[in-house]
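Subject: A structure for you to explore

Hi there,

Here is the structure I promised to pass on. Have a look around it first, and then read my notes below.

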Amino acid sequence: MAKTATAFICQSCGAAHGKWTGKCEGCGAWNTLVEETLGAPGGLPAAAASGRSRTGAVEFAPLSSAEPPPPRFSTGLAELDRVFGGGLARSCAVLVGGDPGIGKSTLLLQSAAAMATAGVRTVYISGEEAVSQIQGRARRLGVAEAPVQLAAETDLRAILKALKSAQPDVVVIDSVQTLWSDGFDAAPGSVAQVRACAQELTRFAKKTGASVILVGHVTKDGQIAGPRVLEHMVDAVFYFEGERGHQFRVLRSVKNRFGPTDEIGVFEMGEHGLSGARDPSALFLGGSEAEASGRAVFAAMEGSRPMLAEVQALVGPEAAGSPRRSVVGWDASRLAMLLAVFETRCGLRLAGRDVYLSVTGGYRIQEPAGDLAAAAALASSLLERATRAGSVYFGEVALSGAIRPVGRIEPRLREAARLGFTRAFAPPGAPERVDGMVVHGISTLKQLIDILQGD
Ligand code: TYD
Ligand code: MG
């Protein structure tokens, strides 16, 4: 019998190596290579690969289609429909990732129940929990009467067989990392298995018109195991974010073939599961503590939705040894850049000092427009001067210390005005007054510091 071919597969990015090395050449991760048996060419299990038909001739079609697209399924949660791009599309494969315990199973069980109640044939397959556990959760969520077809199974062949007879419209697989396929001689959770199983389920979606939602766990460094392979394979990828200690959760779209990728859904985790947050734009504002230094409010845009979030900074005294730099809800390399700009363009000494920066409520700032708010919070802490009450900040800080313009200025300002803010610090060129709010155009970081010092 021929020797089975094996390769060393990086568990982080899926790159294949001929021999074991400590560092993956594909993504640079350390100690992520695991020896796995190779299947048919292309890394597919033999069964899947042989299913390819190469007989019939290719038929070309025009770009226009006579038929309107079939209506989407409403998931029962308006915030989820919003992120999906107007409900769950048909015949698609979707990946929902997030930290363990963040609420993925809760979100999907709730929406599965809502869809089933609306007459959509819905199957929920768990590889992580027993049927009785899921039934218990359904009771707590108050959805135990919904006609969801439930199973606890990890064997992909058995799942596909069951799906064939159930003919569902929507399938939830919780989670893709627990599945295994006998066509593949690798451990469940390994990249080869995850890829093979996701591929077969995606194929099932395309063939039968069902929509398949795959739950994926995120590893320590924030990636779904085998992320790049899975992200290419599915039609849409969403990440569920938030801090476990806070009740708010944000579902963010990173890829969506059926809708915009910059919309977010904001949820509140309560005793009876997740519900859409009522006034999402105001959720991530801190309390109205007495004047304190080191706080600034960022007027953000998430797709078409304006959001306000408070940034807090703490600059410690000069310390011996290497200073600590810590960020929550912001990018560590952007903090390093801002500190460098402060030092070189504004003459502020920060080199030997501890710096902490945190966004309240578990929100994550991804827009470069958050720079000015972070800078204001940092400068305010360093100078021990409170930022002016009722102010919001937005603008991108360039390496030169200039404040660069950002998009969608008016909706930011209007939302801030609606929430009672009276003053905004924005890039040059912003309108001077919006809904009664006074807008100060700021062209350099130095100017921001002068304003803080002058107050
Ligand atoms: P879960 O959906 O199991 O997370 P995941 O599937 O992402 O691992 O959510 C688990 C957390 O949610 C758990 O800490 C308890 C909390 N929770 C509530 O606060 N309220 C609820 O109604 C439910 C079902 C869970
Ligand atoms: Mg779960």
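This is a predicted model: local features need pLDDT of at least 70, side-chain atom pairs count only at pLDDT 80 or more; totals for chains, interfaces and linings use all residues.

A term to start with: two strands count as paired if DSSP finds at least two bridges between them.

In β7, Val170 is the bridge partner of Thr122. Thr122 belongs to strand β5 (residues 122–126), which pairs with β7 in the parallel sense over five bridges. Strand β8 (residues 211–217) also runs parallel to β7, and four bridges join the two.

Is β7 enclosed or open? Five of its five residues (170–174) are buried, so the strand is largely enclosed by the rest of the structure. Both of its faces are covered, with Val170, Val172 and Asp174 buried on one side and Val171 and Ile173 buried on the other.

Next, the nonpolar residues. In soluble globular proteins, nonpolar side chains tend to be buried together. The largest nonpolar core here has 66 residues, and Phe284, Phe342, Leu378 and Leu445 have the most contacts inside it. Helix α9 (residues 371–383) gives the most to this core, namely nine residues. Domain 2 (72–278) and domain 3 (283–454) each supply at least three residues to the core.

Enjoy exploring!

Conventions: Residues are numbered from 1 along each chain as its sequence is written. Chains are lettered from A and ligands numbered from 1 in the order in which they are written. Side-chain values use heavy atoms; hydrogens and water are left out. Buried means under 20% relative accessible area, exposed over 50%, partly exposed in between (1.4 Å probe, protein chains only). A nonpolar core is a set of buried Ala, Val, Leu, Ile, Met, Phe, Trp, Tyr and Cys residues joined through side-chain atoms within 4.5 Å. Domain bounds come from an automatic or database domain assignment.
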